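Come along while I look things up, one entry at a time.

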Amino acid sequence: MTDTPDTAVSHDSVASAIVHAVAVPSALLDAGQIRVANDALSRLSARPAALLRGMSFIDLVDPASRPHLLAAIRGCADQGDTPPVISASIETPDGGLRPVDIHARAVQLDERSQVVVTCVDHSDVMHVQSSLLDMTKLLSQIIDGASVASLVIDQHHRVTHWNTACERLTGIRRQDVLGSQEGWKAFYRDQRPLLADMIVDGLDDAALQAFYGGQMNRSAIVSGGVEVEAFFPQFGPSGKWLFFTAAPLHDAQGQVIGAIETLQDVTARRTSEEALLKHRNELEDIVRQRSAELAATARDLEVFVANSPIGVAYSSGGTIQRANPAMAAMFGYAADDLIGLPGRAVYLSDEDYAAFGRYAGPLLTQGQPIHSEIWMRHADGHPMWMQLDAHVADWVDTTHGTWWMIQDRSDIRDAQEQLQARINELDTMNHQLEEAQNQLLQQEKMASIGQLAAGVAHEINNPIAFVSSNLHSLRHCVNGLLQLSEAADAMLAAPGDASVCRALAQTRDDIEIDFLRQDLPQLLDECADGLGRVKKIVQDLKNFSRVDHSDWAEADLNVGLESTLNVVRHEVKYKAEVVRKLQPLPPVICLAAQLNQVFMNLIVNAAHAIADQGTITLLSGVEQDWAWVQVQDTGCGMSAEVRRRIFEPFFTTKDVGKGTGLGMSLSFSIVQKHGGSIQVHSVEGQGTAIRVWLPVGGPLALSKDAKPPPWEHAQDRPA
């Protein structure tokens with residue numbers, strides 16, 4: 001039997017009506033495709049019903065749940081199984097996930113097995129559960145983060161919360177009491193209920209009084225709460241007074257489900273109360289004693305003011321009300337003549353009086369003291385430079401008048417002016433000395449360069465000499481090649497002439513073309529090497545002088561040391577082997593040309609200290625914020641007397657005409673200018689090591705008392 005079209009339409013209508021009548025999100029599936037979807041499913045999936053129709057239901061759920069759901073729908077459609085509930089999430093077009101439980105059941109329509117699926121939306125339930133969980137966590141954080149020690153128990157007297165403050169107060173860790181009924185151990189030696197336990201048990205006031213007596217009171221703030229203040233001898237070396245409050249916790253039906261107890265250490269307050277009570281009578285005795293002392297002090301102060309060598313006066317309302325004899329004598333008045341005069345009388349002019357009033361008035365009105373120096377007027381009219389210190393008589397009511405202490409500073413002002421003039425003279429002399437030092441530095445540098453000129457010239461002359469010799473050989477070779485070229489041109493002009501061919505062959509033999517092929521590249525390489533050596537010497541001279549860096553700038557001390565060594569190589573190479581032990585250094589803010597002068601002095605001195613043959617070791621390193629460079633030799637060393645004088649200007653151990661005696665003195669000044677220091681270790685007959693310390697950030701980066709680290713490495717010193 002088959003359905004007519006009208007019957008099929010009727011079945012579709014019935015199926016659609018049934019699906020739409022279901023309150024939960026539902027759909028009728030045919031071969032996994034949505035045939036009918038109700039409005040609830042449309043809202044759940046955030047898709048219109050027209051879009052859902054014909055869509056695979058599997059595509060609505062999250063990818064992780066699709067295999068299980070597909071197997072369930074197929075088993076339901078093909079075998080008529082009743083699959084278990086599938087937990088999945090419906091994906092909305094905007095990427096959202098709606099958690100659901102999916103039920104699938106087989107139905108027969110149009111003699112075909114189809115599947116009806118229904119979805120139970122758990123979004124609201126999960127949202128409520130999540131909110132409750134978040135609220136529980138928040139409440140736990142509030143309790144645990146509270147500064148007041150707190151504990152919570154449930155209706156079974158188990159500890160559910162024991163915050164950090166409670167741990168600090170009792171010394172008991174929360175993990176040792178949570179979930180147990182042993183919170184009492186933190187407070188008592190023998191088992192007894194906590195105040196929170198009594199609240200949970202609903203004990204009345206009489207029962208509470210039996211435990212705490214008159215120390216227990218009902219809380220006026222917390223409903224059902226109880227407050228107790230008691231002493232606990234086991235806390236600390238002397239025990240502690242604790243004020244603790246307990247209040248019941250109720251569920252939505254008003255049933256007691258636990259209690260919260262807070263504890264505050266009030267030992268300090270109790271101790272203070274006892275101390276206050278103890279000292280009250282003592283304070284009364286002290287007040288009586290101090291009153292007598294103040295009366296005596298007032299009398300002594302009156303005598304002190306009257307006999308003080310400093311002028312003391314009291315003014316009110318712009319008039320001098322009191323003045324001691326020193327004040328009157330200072331301004332040239334008789335003892336009582338100053339009293340009653342207006343304050344204007346001791347100022348040079350109305351303008352000075354008004355200007356000082358504009359300065360002092362606001363400060364005195366605010367109760368602030370005044371410290372100032374101004375010109376004032378003597379009774380005979382001559383000006384005096386005076387120091388004023390003023391204070392209001394009453395800090396609360398500043399209109400009560402002002403006390404003045406005045407000293408004549410005219411002589412001191414004259415001395416200060418003379419001192420300032422002397423300072424200006426010294427500044428001028430220092431400037432002149434600095435210019436002289438710069439001139440000495442330049443002269444020393446020129447003298448050093450003059451001494452090194454012959455050596456540098458020799459270093460440059462050697463490569464230039466063999467370049468010149470090679471150029472002469474190149475000229476001979478080029479002439480031969482030109483002859484060969486002419487013979488080749490002749491052969492090209494007469495290719496069949498045997499005599500021309502013989503002449504070409506003879507020319508090849510005469511110029512020794514095979515020898516030229518080997519010799520010419522060698523000659524060119526030697527010329528290039530010689531010119532490279534000259535270029536290196538010139539570049540090192542430039543680096544040594546640093547003519548393009550005359551200001552403070554970052555520089556690599558190792559590069560400067562190498563350049564300086566190349567400049568003075570002629571002074572060193574016949575006397576000593578140079579050993580380098582240089583460590584990478586950070587850029588140092590410095591005057592590189594001046595430091596190169598220091599390096600040159602140290603290296604040349606080290607070479608001169610070696611009589612026949614020895615070793616010069618160059619070292620560098622960095623410690624903390626200091627870089628250091630060290631020059632060490634195996635020369636004659638220095639005696640204690642020489643070490644003491646090496647930085648003196650014009651002191652030298654060299655023969656007359658071989659040294660200016662300024663090298664080490666100027667080196668010391670240069671290093672000192674950089675905020676650094678020079679350390680010397682020398683053993684007579686064994687050698688000398690000189691280390692230069694420099695701040696990496698330059699002298700401006702140094703703190704006031706900054707010093708380089710101690711030189712503790714024995715391997716970096718002479719034996």
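**Entry 1: a residue and its neighbours.** Before I list any neighbours, I note that contact here means heavy atoms within 4.5 Å. I also note that I am working with a predicted model. With that in hand, I looked up Asp154 and found that Asp154 touches Thr160, Val200, Ile257 and Gly258, leaving aside residues up to four places away in sequence. Asp154 belongs to strand 6, which covers residues 149–154. Is Asp154 buried or exposed? I read a relative accessible area of 12% for Asp154, and because buried means under 20%, Asp154 counts as buried. Its side chain also reaches the backbone nitrogen of Arg158, at 2.8 Å.

**Entry 2: the whole chain.** I stepped back for an overview. I found 19 helices and 23 strands in the protein chain. The chain has 719 residues, and 37% of them are buried. I noted an accessible surface of about 40,900 Å², with 56% of that belonging to carbon and sulfur atoms. Taking contacts between residues at least 6 apart in sequence, I saw that 52% join residues at least 24 apart.

**Entry 3: aromatic rings.** How many aromatic pairs does the structure hold? I got 16. I picked Tyr188 and Phe232: their ring centres are 5.8 Å apart and their planes stand at 50 degrees, so I wrote the pair down as tilted. This pair links distant parts of the chain, 44 residues apart, with Tyr188 in the loop between helix 6 and helix 7 and Phe232 in strand 9. Both Tyr188 and Phe232 are buried.

Next I turned to Trp628 and Trp693, whose ring centres lie 6.4 Å apart with planes at 50 degrees, so this pair is tilted. Trp628 sits in strand 21 and Trp693 in strand 23, so the pair ties together parts 65 residues apart in sequence. Both Trp628 and Trp693 are buried.

I went back to Tyr188 and Phe232 and found them in one aromatic cluster, together with Trp162, Phe187, Tyr212, Phe235 and Phe244.

**Entry 4: a covered helix.** I looked at helix 15, residues 557–567, and found it mostly covered, with nine of its eleven residues buried. Among the buried ones I jotted down Leu557, Leu561, Leu565 and Val567. What caps the N-terminal end of helix 15? I found Asp556 there, with a side-chain oxygen 2.9 Å from the backbone nitrogen of Asn558.

**Entry 5: a patch on the surface.** My last stop was a nonpolar patch on the surface, formed by Val14, Ile18, Val22 and Val24. Together they have about 290 Å² of accessible area. Ile18 lies in helix 1, residues 5–21.

Terms used: Residues are numbered from 1 along each chain as its sequence is written. This is a predicted model: local features need pLDDT of at least 70, side-chain atom pairs count only at pLDDT 80 or more; totals for chains, interfaces and linings use all residues. Side-chain values use heavy atoms; hydrogens and water are left out. Helices (H or I, at least four residues) and strands (E, at least two) are DSSP runs, numbered from the N terminus. Buried means under 20% relative accessible area, exposed over 50%, partly exposed in between (1.4 Å probe, protein chains only). A polar contact is a pair of N or O atoms within 3.5 Å; within protein, one must be able to donate a hydrogen and the other to accept it, and residues adjacent in sequence count only if both atoms are side-chain atoms. Patches are made of residues with over 30% relative accessible area and no salt bridge: like charges are joined within 9 Å, nonpolar side chains (Val, Leu, Ile, Met, Phe, Trp, Tyr) within 5 Å. Accessible areas come from the Shrake-Rupley method with a 1.4 Å probe; for residues, only the protein chains shown count as cover. A salt bridge is a side-chain nitrogen of Lys or Arg within 4 Å of a carboxyl oxygen of Asp or Glu. Rings of Phe, Tyr and Trp (its six-membered ring) pair if their centres lie within 6.5 Å; planes under 30 degrees apart count as stacked, over 60 as edge-to-face and the rest as tilted.
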